[in-house]
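Keep the structure in view while reading.

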Amino acid sequence: MFDNQLVFLHVPNFKTKEEALTFLANQFVESGLVDEEFPEKILEREEIFPTGIGFEEVGIAIPHSDPEYVKKEQIGIMTLEKPILFKRIEDKSKEIEVSMIFMLALKEPDGHLKVLQNLMSLLQDKETADELQVMGDTALNRKKAIQLLEGENVYD
């Protein structure tokens with residue numbers, strides 16, 4: 001469910017969640033995976049239902065839109081050089097610094113929960129989370145990131 005073209009590692013220059021989410025959502029549009037409205041719907045949903053989660057020592061966000069805007073299922077990954085503020089999933093009056101974004105384009109309404117559970121179990125391994133955080137954006141590292149998230153040994 002991961003594709004090298006939707007993996008962006010150690011990305012600099014984003015100052016707001018809107019900039020980061022719009023950039024990543026537009027990559028889905030350009031890849032033909034979602035409808036043109038997808039970026040707008042991601043931002044709208046993030047305002048109403050924030051996705052910032054404090055997990056271990058890292059802040060992550062798992063934005064998504066409604067399934068009706070998805071043509072083909074995919075997960076996009078972006079790690080940030082500098083964290084940006086997101087509203088917390090459990091209390092939107094509070095913010096969290098996020099340095100990893102997993103954008104979901106899923107057709108199944110309950111698919112988000114399954115993917116969230118899988119991501120949480122993978123990121124419970126501190127080494128995996130730490131390794132993703134420091135990877136530079138190279139083709140080899142994008143491949144390694146996907147392997148890590150799919151639970152494969154990257155050193156085979």
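In this predicted model, the secondary structure of the protein chain consists of five helices and five strands. Followed along the sequence, these elements come in the pattern β-α-α-β-β-β-β-α-α-α. The radius of gyration is 14 Å, close to the 15 Å that the globule rule gives for 156 residues, so the protein chain is as compact as a globular protein of that length.

The table collects some overall values for the protein chain.

| Property of the protein chain | Value |
|---|---|
| Box filled by the C-alpha atoms, along the principal axes | roughly 40 × 35 × 30 Å |
| Buried share of the 156 residues | 46% |
| Accessible surface | about 8100 Å² |
| Share of the accessible surface belonging to carbon and sulfur atoms | 48% |

Contacts also link parts of the sequence that lie apart. Of the contacts between residues at least 6 apart in sequence, 69% join residues at least 24 apart.

Helix α1 covers residues 17-30 and helix α2 covers residues 38-48. The two pack at an angle of about 145°, and their axes are 8 Å apart. The crossing of α1 past α2 is right-handed. On the α1 side, the contact is made by Lys17, Glu18, Leu21, Thr22, Ala25, Asn26, Phe28 and Val29. On the α2 side, Phe38, Pro39, Ile42, Leu43, Glu46 and Glu47 take part. What kinds of residues form the contact of α1 with α2? Eight are nonpolar, two are polar and four are charged.

Note on methods:
Residues are numbered from 1 along each chain as its sequence is written. This is a predicted model: local features need pLDDT of at least 70, side-chain atom pairs count only at pLDDT 80 or more; totals for chains, interfaces and linings use all residues. Side-chain values use heavy atoms; hydrogens and water are left out. Axes are lines fitted to C-alpha atoms, for helices over the stretch in contact, and angles run from 0 to 180 degrees between N-to-C directions. Helices (H or I, at least four residues) and strands (E, at least two) are DSSP runs, numbered from the N terminus. A crossing is left-handed if the near helix is turned anticlockwise from the far one by less than a right angle, and right-handed if clockwise. Contact means heavy atoms within 4.5 Å. Ala, Val, Leu, Ile, Met, Phe, Trp, Tyr, Cys and Pro count as nonpolar, Asp, Glu, Lys and Arg as charged, and the others, Gly among them, as polar. The radius of gyration is taken over C-alpha atoms; the globule rule is 2.2 Å times the number of residues to the power 0.38. Buried means under 20% relative accessible area, exposed over 50%, partly exposed in between (1.4 Å probe, protein chains only). Accessible areas come from the Shrake-Rupley method with a 1.4 Å probe; for residues, only the protein chains shown count as cover.
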